[in-house]
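Hi,

Here's the structure I said I'd pass on. Have a look at it first, and my notes follow below.

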Amino acid sequence: MPRSRRFIQLDVFSARPLLGNPLAVVIDGDGLDDATMQAFARWTNLSETTFLLPPTSAAADYRVRIFTPRQELPFAGHPSVGSAYAAIESGLVPPGKQQLLQECAAGLLPVRVEGSGSGRVVHVQAPQAKLRAVAAQQRALLGQAVRAELAESQLRLVDNGPLWFVCDLREEAAVRQLQPDLATIGALCQDTGAVGVSVFGRQRAGEASMAVRAFCPADGIPEDPVTGSANAAIMAFLADIGDPDGYGLRYRASQGREVGRDGCVEVVRDALDGSISIGGACAVGIRGELQLG
């Protein structure tokens with residue numbers, strides 16, 4: 001007989017509903033098998049759905065499993081930020097605790113909480129990134145996909161749990177106006193195991209320093225509204241090439257306008273150990289129960 005489980009749906013990287021990246025969170029995820037989790041994630045048809053579980057590590061505050069409609073991910077940014085927020089909202093984490101430890105398939109990741117209630121901002125440390133150059137044939141396909149001739153210095157493959165193609169388009173206008181070849185991106189991601197292609201460019205007005213977009217057609221998400229892991233991958237890319245455009249160790253990224261959202265991601269790189277965290281606000285839209293498993 002199906003069990004009643006607590007459920008929250010919230011927007012991540014926005015303090016207002018309907019403007020961030022929606023996330024479905026099953027609070028009481030224990031007892032569900034892999035097939036049921038994947039089927040539910042496919043049913044919600046959101047970019048990610050998460051399940052909160054008792055931790056297997058005594059050091060962790062909670063454990064999270066993260067699913068796209070197609071696959072499980074070891075780490076993703078907006079699901080990690082949103083799951084931490086949901087764990088606090090649902091009482092899995094003691095109220096007022098500011099330093100948490102999230103257990104996920106990518107390991108134990110520090111979480112920092114600022115503020116409370118509607119003013120709460122959650123920062124999650126991304127797994128250490130591994131970077132490699134993009135092969136010439138892949139670079140040519142990416143150039144076709146983003147309608148631009150790309151130099152080797154503008155591209156990296158970045159693995160920080162999911163695998164991202166990261167592409168520097170230099171300026172905001174090139175990012176905002178882009179109409180990508182999604183079929184080429186989807187085929188490239190299928191061939192390489194990448195989750196998607198993320199593009200960015202310098203934003204010279206407004207509250208953010210960077211405009212970002214992320215395309216994940218192979219996972220059924222033509223364009224992701226606001227993407228934590230992609231933003232962390234971009235910061236890792238900037239560190240790898242020496243940050244020639246001077247974004248610095250902390251900046252704000254704007255993502256989602258092209259799909260009717262207005263997400264804001266705080267991206268920070270530690271000057272000493274190079275660790276990268278992504279953070280933002282959340283807004284709960286739905287609280288309830290579901291009958292599952």
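Let's start with the strands. β8 is joined by 5 bridges to strand β17 (residues 276-292), and the two run antiparallel. Across that pairing, V121 sits opposite A281 in β17. A word on terms: strands (E, at least two residues) are DSSP runs numbered from the N terminus, and two of them count as paired if DSSP finds at least two bridges between them.

Before going on, bear in mind that this is a predicted model, where local features need pLDDT of at least 70, side-chain atom pairs count only at pLDDT 80 or more, and totals for chains, interfaces and linings use all residues. Residues are numbered from 1 along each chain as its sequence is written, and side-chain values use heavy atoms, with hydrogens and water left out.

β8 (residues 121-125) also pairs with β7 (residues 107-114), in the antiparallel sense, over 4 bridges. There, V111 faces V124 in β8. β7 and β8 make a hairpin with 6 residues between them, and G115 in the turn has a positive phi of about 75°.

Now the cysteines. How many disulfides does the structure hold? It has 0, taking a disulfide as a pair of cysteine sulfur atoms within 2.5 Å. For C104, which is in no disulfide, the nearest cysteine sulfur is that of C282, 16 Å away. C264 is in no disulfide either, and its nearest cysteine sulfur, again that of C282, is 12 Å away.

Are these two buried or partly exposed? C104 has 9% relative accessibility, so it counts as buried, while C264, at 26%, counts as partly exposed. Buried means under 20% relative accessible area, exposed over 50%, and partly exposed in between (1.4 Å probe, protein chains only).

Cheers
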